[in-house]
Amino acid sequence: MSDTLAHPKAGQATKRLFIKTYGCQMNVYDSERMADVLRPLGYAPTETPDDADFVILNTCHIREKAAEKVYSELGKLRVLKEARGEAGQGGMTIAVAGCVAQAEGEEIMRRQPAVDLVVGPQAYHQLPELLTRTARARGERIGADFAPVDKFDALPAARGGDGVTAFLTVQEGCDKFCTFCVVPYTRGAEWSRPVAAVLSEARALADRGVRELTLLGQNVNAYDGEGADGKPSTLARLAYALADIPGIDRIRYTTSHPNDMSDDLIAAHGELDALMPYLHLPVQSGSDRLLRLMNRKHGRQKYFDLIDRIRAARPDMALSGDFIVGFPGETERDFEDTMDLVRRVHYASAFSFIYSPRPGTPAATMAAQVAPEVAKARLHALQALLLEQQTAFNESQAGRILPVLFEKKGRHDAQAIGRSPYLQSVHVDDADHMIGQIVPVEIVSGQQNSLAGRLIHSQAAHLQQRGAVSQATGAPSSSEAP
Ligand code: SAH
Ligand code: SF4
Ligand code: F3S
């Protein structure tokens with residue numbers, strides 16, 4: 001969470017809030033909004049649970065390890081809470097929020113008596129009220145009914161933080177029911193925020209100095225929020241409207257499902273400068289047989305065709321994905337199909353996981369679960385290939401001029417770190433005065449996880465390079481120029 005939130009009004013006693021966030025970007029966004037909703041009550045963020053009056057664990061249920069981390073963290077917090085009580089330092093309220101809270105609220109209460117509050121992802125706006133009656137709320141499992149409409153209407157318009165990039169949730173929930181996944185059960189059905197609400201939050205962020213928005217949703221490209229005409233909008237139309245807001249120069253979105261990659265969104269990638277050429281488009285497996293068992297509702301050829309259409313609209317599109325190895329019944333042949341898919345697509349970055357059986361999902365009870373050592377070996381091979389591709393992509397940037405949005409100071413003196421259009425981290429010396437700006441940077445080298453670059457100082461060089469940027473990225477760079 002942000003450590004730069006505004007402090008409470010003068011005269012109000014400051015209480016310390018510690019939020020620990022697990023899981024996806026939607027949880028990061030939610031944690032920021034929880035801090036926003038608690039700020040008027042006098043809660044200011046602190047960096048450690050040691051001195052916190054209120055601790056929130058914003059949890060993730062996607063894999064077993066993610067869920068288990070919560071219980072071990074709660075064990076440590078209980079010790080801290082008891083020590084503080086014994087030392088007469090006042091109480092500590094402990095809340096569990098997020099997807100584990102939604103999936104197994106009662107279990108949390110049973111396993112860890114130190115927990116005061118369990119609150120599901122759609123009820124964060126109720127936190128102030130819940131805090132004043134924690135005793136009664138205990139065991140209630142607040143927010144198990146999925147009603148995001150209330151949550152977004154009730155969260156405060158003002159948002160804390162002072163970064164130049166921000167997450168903005170536009171869509172929640174999932175109707176896809178992939179057989180391995182808990183998200184449809186923890187976040188409920190697909191629901192999109194109205195266009196007007198998204199635009200007003202984006203304007204507030206732009207006023208605060210934000211220049212890059214990442215639109216979030218479990219299936220963000222299924223966005224169909226109500227437009228000004230009362231009819232459903234699309235993500236492409238929303239992106240055009242957001243790009244019109246003065247100050248908003250870059251737009252990204254995540255996560256997308258291949259089946260929701262509509263023609264107008266693909267076309268927008270070729271036309272809208274602000275839409276960044278980086279797309280996270282998980283495929284999970286390259287085997288048609290497994291894609292069917294996973295209920296992904298598309299085959300490998302459809303994914304290849306989609307990638308071709310996207311690259312036709314935006315030739316320099318950097319692709320990212322998610323992969324699962326060791327799904328029940330995965331054979332060596334199925335795994336080879338995944339490796340083959342990766343070799344054909346060439347990813348700029350990707351996430352890969354060993355399948356983790358999740359309670360209540362259809363895949364958890366499928367026969368022929370894959371042996372752990374086989375799954376591990378496959379993960380190892382897949383990650384080596386993906387890392388090779390990522391490194392090659394980064395290295396291929398050397399010599400190019402890329403527009404970089406500088407976000408923060410680096411580790412060295414006067415060094416600044418920014419992002420390329422392809423979401424690569426770019427380190428530049430003597431550039432800390434450029435934080436908040438989009439500046440052409442000459443890429444000197446590319447490594448596994450980042451790029452090193454140098455500023456191009458003279459205006460003449462800058463103007464010249466704008467042409468180079470346009471040529472190299474295949475798109476005009478007007479919105480990228482400082
Ligand atoms: N909505 C997104 C993904 C959300 S979950 C989408 O459909 O692409 C993020 C990633 O976690 C998934 O893409 C998948 O690769 C992984 N994942 C989900 N459930 C999993 C499980 N049971 N075991 C291992 N990985 C899983
Ligand atoms: Fe999970 Fe599939 Fe929905 Fe993604 S699309 S959140 S993987 S059920
Ligand atoms: Fe995890 Fe929930 Fe996100 S399960 S990945 S925090 S939607």
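This is a predicted model: local features need pLDDT of at least 70, side-chain atom pairs count only at pLDDT 80 or more; totals for chains, interfaces and linings use all residues.
1. In what follows, Ala, Val, Leu, Ile, Met, Phe, Trp, Tyr, Cys and Pro count as nonpolar, Asp, Glu, Lys and Arg count as charged, and the others, Gly among them, count as polar. With these classes, the shell around ligand 3 has 4 nonpolar, 4 polar and 1 charged residues. The residues concerned are C24, N27, T59, C60, H61, I62, C99, R187 and Q218.

2. Ligand 1 is surrounded by 15 residues, of which F180, Q218, Q284, D322 and S356 are the closest. Sorted by class, the shell around ligand 1 comprises 7 nonpolar, 4 polar and 4 charged residues. Q218 is listed for ligand 1, and Q218 is also listed among the residues around ligand 3.

3. Which atoms of F180 lie 2.9 Å from a nitrogen atom of ligand 1, backbone or side-chain? In F180 it is a backbone N or O atom that lies at this distance, and for Q218 a polar backbone atom is 2.8 Å from a nitrogen atom of the ligand. Q284, by contrast, uses its side chain, a polar atom of which lies 2.7 Å from an oxygen atom of ligand 1. Of the 540 Å² of accessible area that ligand 1 has on its own, the protein covers 89%.

4. Leaving aside residues up to four places away in sequence, S349 touches Y278, L319, S320, G321 and Q390. With Y278 there is also a polar contact, made between the side chains of S349 and Y278 at 3.2 Å. H280 is 69 residues from S349 in sequence, while the C-alpha atoms of the two residues are 8.8 Å apart in space.

5. Helix α1 covers residues 25-38, and its 14 residues should span 20 Å at 1.5 Å a residue, which agrees with the 20 Å between its end C-alpha atoms. Since 11 of the 14 residues of α1 are buried, the helix is largely enclosed by the rest of the structure. The buried residues of α1 are M26, N27, Y29, D30, S31, R33, M34, A35, D36, V37 and L38. One of them, N27, is also among the residues around ligand 3.

Note on methods:
Residues are numbered from 1 along each chain as its sequence is written. Chains are lettered from A and ligands numbered from 1 in the order in which they are written. Side-chain values use heavy atoms; hydrogens and water are left out. A residue is near a molecule or strand if one of its heavy atoms lies within 4 Å of it. A polar contact is a pair of N or O atoms within 3.5 Å; within protein, one must be able to donate a hydrogen and the other to accept it, and residues adjacent in sequence count only if both atoms are side-chain atoms. Accessible areas come from the Shrake-Rupley method with a 1.4 Å probe; for residues, only the protein chains shown count as cover. Helices (H or I, at least four residues) and strands (E, at least two) are DSSP runs, numbered from the N terminus. The expected span of a helix is 1.5 Å times one less than its number of residues. Buried means under 20% relative accessible area, exposed over 50%, partly exposed in between (1.4 Å probe, protein chains only). Contact means heavy atoms within 4.5 Å.
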